[in-house]
Amino acid sequence: MAPKLAVLAVLASLLGAVSCELRISLYAGYGFPPPNPNQPFKLPPASPPKNPRPDLKVGYYAAKKCPQAEEIVKRAVEKATPGEKAGLIRLFFHDCFVEGCDASVLLAGPETERTAFPNLSLRGFNIIEDAKAALEEECKGVVSCADIVAFAGRDASCSLSDGKINYDVPAGRYDGKVSRANDTFLNLPPPFGDLKLITDMFAAKGLDQTDMLALSGGHSIGRSACGSFSNRLQPDNSSTAMNRKLADQLNTTCTADSVNVPQDYKTPYALDHQYFKNVQEHNVLFTSDAVLLESPETKVLVDSFARDPFFLSGILPIGRNPWYDAFAKAMVKMGNWEVKNSTVGEIREFCGKVNEKIY
């Protein structure tokens, strides 16, 4: 009976329900206890601040006799679909927030991170594997899967933003040997989180509120299952309520919890600052997006990131929206988190499993 109840609890969380009982299950499905205003959520233990570039260097593989490493990854990403590119950005985020940026999210097998509910919809694994195979042919045993994920996240961001986001990626990460499904639940910010919760969860990874808002802009691309926000589709008078027109449209579109819809209904295939305009207009899917207007500090950033550049004579853009640079900076900063070295890590031969032998 106990295993059946556990399965039912997870299924209830997947449904993203609207009743009180199912909302409690939704929290539990992410590893949280039922909401209790008198008891704070349990957060992952905060780690001491890290050196901004711990053992990582731009151009790292040039010294490792594999100077073409980044170009090989870029070529693999160029073959990806827009959806796969969006998935590569999300893959980097989900990797870094659990066990650090060590490609632990790529490990296959029972009870690994890949099998956890928040990761079931991850995409881009095939692109990483293709890049790894090409790199193993070119310079065997040199380039880590963790660095491939970081490079691919940058290249996907550059492609989807039409070149507006581009940055150097410090490299030298080693691949981790540990991947546990349960670790995802307490480390990945849930879509129903309030402002304090998501701020605290980013802070636990060494990321400040500006980084949090910048990275939230990743919701400018990609798709989401209706079940992950169905609780927001009902009439709601709260300050974080979804715009009623969008909610009505989604109620028509979301014929089942498994139906996928764009996260940005206006520019679904572009990584751009439209997301922040959507936040201003309450046209966002998740509570964790809507709460970005809940404090003066975060609202100022939303307003700043939402501004269009001024066009001289309606043709020549003057100035640059600050979000693009803030996103790039936050991606680099996130990429420094809990980096593994050769003592605790390895260079995997195949990204989906730990090595059976030492290079």
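The structure is a predicted model, in which local features need pLDDT of at least 70 and side-chain atom pairs count only at pLDDT 80 or more, while totals for chains, interfaces and linings use all residues. Residues are numbered from 1 along each chain as its sequence is written, and side-chain values use heavy atoms, with hydrogens and water left out. The protein has 14 helices and 4 strands; these are DSSP runs (helices H or I, at least four residues; strands E, at least two), numbered from the N terminus.

**Overall**

- Of the 359 residues in the protein, 51% are buried (buried means under 20% relative accessible area, exposed over 50% and partly exposed in between, with a 1.4 Å probe and protein chains only).
- Among contacts between residues at least 6 apart in sequence, 73% join residues at least 24 apart (contact means heavy atoms within 4.5 Å).

**Helix α6**

- Helix α6 runs over residues 145–160, which is 16 residues, and reaches 22 Å from its first C-alpha to its last, close to the 22 Å expected at 1.5 Å a residue (the expected span is 1.5 Å times one less than the number of residues).
- In α6, 15 of the 16 residues are buried, and the helix is mostly covered.
- Asp 162 follows α6 and has a positive phi, near 60°.

**Packing of α4 and α5**

- The axes of α4 and α5 come within 9 Å and cross at roughly 85° (axes are lines fitted to C-alpha atoms, for helices over the stretch in contact, and angles run from 0 to 180 degrees between N-to-C directions).
- That angle makes α4 roughly perpendicular to α5 (under 35 degrees counts as roughly parallel, over 145 as roughly antiparallel, 65 to 115 as roughly perpendicular and the rest as oblique).
- Glu 84, Leu 88 and Leu 91 of α4 make the contact with Phe 125, Asn 126, Ile 127 and Ile 128 of α5.
- The residues of this contact of α4 with α5 comprise 5 nonpolar, 1 polar and 1 charged (Ala, Val, Leu, Ile, Met, Phe, Trp, Tyr, Cys and Pro count as nonpolar, Asp, Glu, Lys and Arg as charged, and the others, Gly among them, as polar).

**The loop between α4 and α5**

- Ala 103 lies in the loop between α4 (82–97) and α5 (125–138), and Ser 104 lies in the loop between α4 and α5.
- Ala 103 is buried, with a relative accessible area of 0%, and has a positive phi of about 65° although it is not a glycine.
- Most residues other than glycine have a negative phi.
- Ser 104 is buried, with a relative accessible area of 0%.
- Leaving aside neighbours within four places in sequence, the contacts of Ser 104 include Asp 95, Glu 113, Val 178 and Arg 348.

- Tyr 174 lies in the loop between α6 and α7 (181–187) and is partly exposed, with a relative accessible area of 21%.
- Tyr 174 and Ser 342 are 168 residues apart in sequence and 6.3 Å apart in space, C-alpha to C-alpha.
- Glu 338 is found in the segment after α14 (323–334), is partly exposed at 27% relative accessibility, and has a positive phi near 45°.
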